[in-house]
Amino acid sequence: TMVMPTGASHVLLVLLLCWVAPSRQELAPVQLRLGGPRGPAGEGRLEVLYQGRWGTVCDDGFDFNAATVACRQLGYTAAITWTHSATYGQGEGPIWLDNVRCGGSEGSLAECVHNGWGISDCHHGEDAGVVCSGQRLPGSSPQATTSGHLGEVSGLTLEEVRLKPILARAKLSMPVTEGAVEVKHNGHWRQVCDANWTRNNSRVVCGMLGFPREKNINTSFYRKLWNRKLEDPNSSLKTLRQKNSFWVHTVQCQGSEPHLARCPVQVAPPTPRQHACPHGMHAIVSCLPGPAFQKGTGKGKNKTAPGKVLPVRLRAGTHPGEGRVEVLRHGQWGTVCDKQWDLAAASVVCRQLGYGTAKQALLGARMGQGLGPIHMSNVRCTGHERSLGECRFQDAEQNGCRHEADAAVRCHMPHMDFKSQVRLAGGRNPEEGVVEVLVPVQGRLQWGSVCGAQWGLNEAMVVCRQLGLGFASHALQETWYWAGSPDAARVVMSGVRCAGTELALQQCQRHGPVHCPSGGGRFSAGVTCTAHAPDLVMNAQLVQETAYLEDRPLGLLYCAHEERCLSRSADSMQWPYGHRRLLRFSSQIHNLGRADFRPRMGRHAWTWHQCHRHFHSIEVFTHYDLLTLNGSKVAEGHKASFCLEDTNCPEGLQRRFACANFGEQGVSVGCWDTYRHDIDCQWIDITDVPPGSYTFQVVVNPKHEVAESDFSNNVMRCQCKYDGQHVWMHGCHTSDAYGADVVSDLERRERLANNLV
């Protein structure tokens, strides 16, 4: 037997205690919160409270499973995505967790594998963030794994709602719009008794399932089926219906609730021996899908009735059914201020767009800042309105609202199973790869590739949206470095042409018989997806205010001529004698998206221009055109992106891109790049243009060289009058700033004024 000295045994005991102690701390419950410049509302920098101090989580090893655990612990339904590199700003204090590895089913982030508390080689530029889905409802526990308590009975949690299709046609339809209501309570699905079931209840259920309205339904046929099952000796229904655990006793909604959480719910009857549903059957609900989800329509639009209907749209959202709320009022699109913005108002927007109720009402420009007017503030809705215009609201001008407070929504969407019809193969991560689709081939469904010929960003955008991965950052016509799946080698789709708004690639136009001369393989279509994207918009008002004419001597235009900023007729002039007439203006380009706008090429590929002594990071950044009222060009110019930088940023945001000293180029989220009227090439050469009325047009990112969340606002147009000596600009607007009828009316009046009609 080995005998230890007393001192040595004490040392060993201390070492053992030191080694054991952390394991108890590992299992201790920890609190999470979301931080960042725009406040917690389902997304932000992930922060952990440990030993009384808030700290951050390093993005090394952090993945979707870890984000799922964090979101559930925060009280949200699930994770949409996670972010890295301090997307929501750099945190403070210790970096508590590093190399977090979760399976996805853990109840707390503390249960996941990690380096140990406070053991990290990271800095705060690597802080991780999360984007969670599902509304975090009042009363939800921070440790809850559901979206909150559904009902007013203490301890009652109805986790999910679904329709169980009963009829054969309902089972075959997608989405499922009709069936028996089932709710998940404590992990078990229950039927809801139809006694005292109302149409208001149906309206709320349909809203949660992504449908704007409920339909009247004749339940007599369902009653016959129910009775027939009760008489069937092989059916277990007779036994099950006697058990109160099979039922939810009553639900009492007003119809305006965005969620069953707001309705009084009784799972069990008031007295213990009372039967939960003595003479009833399961409640049947039939929902009416929005136009985009009705059979035979790929991209429907709601018909707007006259009266108080204000058209609405969503912008800059990562997924369908989410985005910044914009309203068409007085003929111009504008945003909504988030003062008193709530789920009731957000749900009116969602239903108006053909979706269900709102999952989240987002404040603080969570989906990016708009540009232009702010139309509404202090919006108060009952929940029964058909349009946001029917709600009570105030003009935002009276409330001092700014675009930092633009309201946004996330809507409940119907389950369409589009995600199972496309996949990416061979990429380095789940967000990239060869596009493979599931389509009918000779009567049976088969996986195959898509021909890379003519494949572009619009098509790639649809694929990324269909997969729930956000936006496309790249569309590849050749995929040399990615190996597709062996079972999907055959090209099953070619000539794909998408508008970019479709919900699935199968909704886009394509060749009847497949025609792919390149043969697929390494010439198959591929994509790279990203959760967030930039969105460039020109400040139309500044163009209108700064336009003027200048007769500039040729001796000052050598560099501009070298960079092709003059009309072709300048080639045949007697340099340096003579001058060119230039229509000059300032342009201010805002990034309203949720990601920085960066040149596609790395700085190693930028082109040095000796004359102006600067680098071009994009071949053509903007096109400047002067068009006749019939649309044909009479003069054109272009602006190579010699310097993309943050000229200015709003208060609270730092300028991060600057061109000096061969610096990084780009435009940060919320910032803008200004090209002053007095710099070279900031003009259109109109020397050869006769007097008359024209349309002045600027197109930003004209070749879609860099992906954006919205290309519909990349064109800016003005009405332009030139008398040979002076120029007048008026009615400047981005292409999506006005309703189509307003734009056509402007053009019609201009044509009448010039006797062109």
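I began with the backbone nitrogen of L536, which lies 2.7 Å from a polar atom of the side chain of E708. This is a predicted model, so I note every distance as computed from it. I then placed E708 in the loop between β38 and β39. The E708 side chain also has a polar contact with the side chain of N714, at 2.8 Å.

My search of the whole structure returned 28 salt bridges. One of them joins R594 to E43, with the closest N and O atoms 2.8 Å apart. I was pleased to see that this pair links distant parts of the chain: R594 sits in the loop between β31 and β32, E43 in strand β2, and 551 residues separate them. Are R594 and E43 buried or exposed? Both are buried. I also traced a network of salt bridges that links E43, E322, R366, R410 and R594.

Next I checked E182 and R162, whose side chains meet in a salt bridge at 2.6 Å, N to O. E182 belongs to strand β8 and R162 to strand β7, so the pair ties together parts that are 20 residues apart in sequence. E182 is buried at 5% relative accessible area, whereas R162, at 35%, counts as partly exposed. I logged D625 with K633 too, their closest N and O atoms being 3.8 Å apart; D625 counts as buried at 2% relative accessibility.

I followed an open sheet of three strands in the order β28-β31-β36, paired antiparallel. β28 and β36 stand at the edges with a single partner strand each, so one side of each has no neighbour in the sheet. Neighbouring strands here are turned by 20° against each other on average, direction ignored. Four bridges join β31 to β36, and I picked out S587, whose bridge partner in β36 is Y675.

I looked up the largest nonpolar core and counted 31 residues; F597, F621, L626, F696 and M716 have the most contacts inside it. Among the elements giving two or more residues to this core are β28, α9 and β34. Last, I turned to helix α7: ten of its ten residues are buried, so the helix is largely enclosed by the rest of the structure. Just after α7, G354 takes a positive phi of about 95°.

Conventions
Residues are numbered from 1 along each chain as its sequence is written. This is a predicted model: local features need pLDDT of at least 70, side-chain atom pairs count only at pLDDT 80 or more; totals for chains, interfaces and linings use all residues. Side-chain values use heavy atoms; hydrogens and water are left out. Two strands pair if DSSP finds at least two bridges between them. Axes are lines fitted to C-alpha atoms, for helices over the stretch in contact, and angles run from 0 to 180 degrees between N-to-C directions. A nonpolar core is a set of buried Ala, Val, Leu, Ile, Met, Phe, Trp, Tyr and Cys residues joined through side-chain atoms within 4.5 Å. Buried means under 20% relative accessible area, exposed over 50%, partly exposed in between (1.4 Å probe, protein chains only). A polar contact is a pair of N or O atoms within 3.5 Å; within protein, one must be able to donate a hydrogen and the other to accept it, and residues adjacent in sequence count only if both atoms are side-chain atoms. A salt bridge is a side-chain nitrogen of Lys or Arg within 4 Å of a carboxyl oxygen of Asp or Glu.
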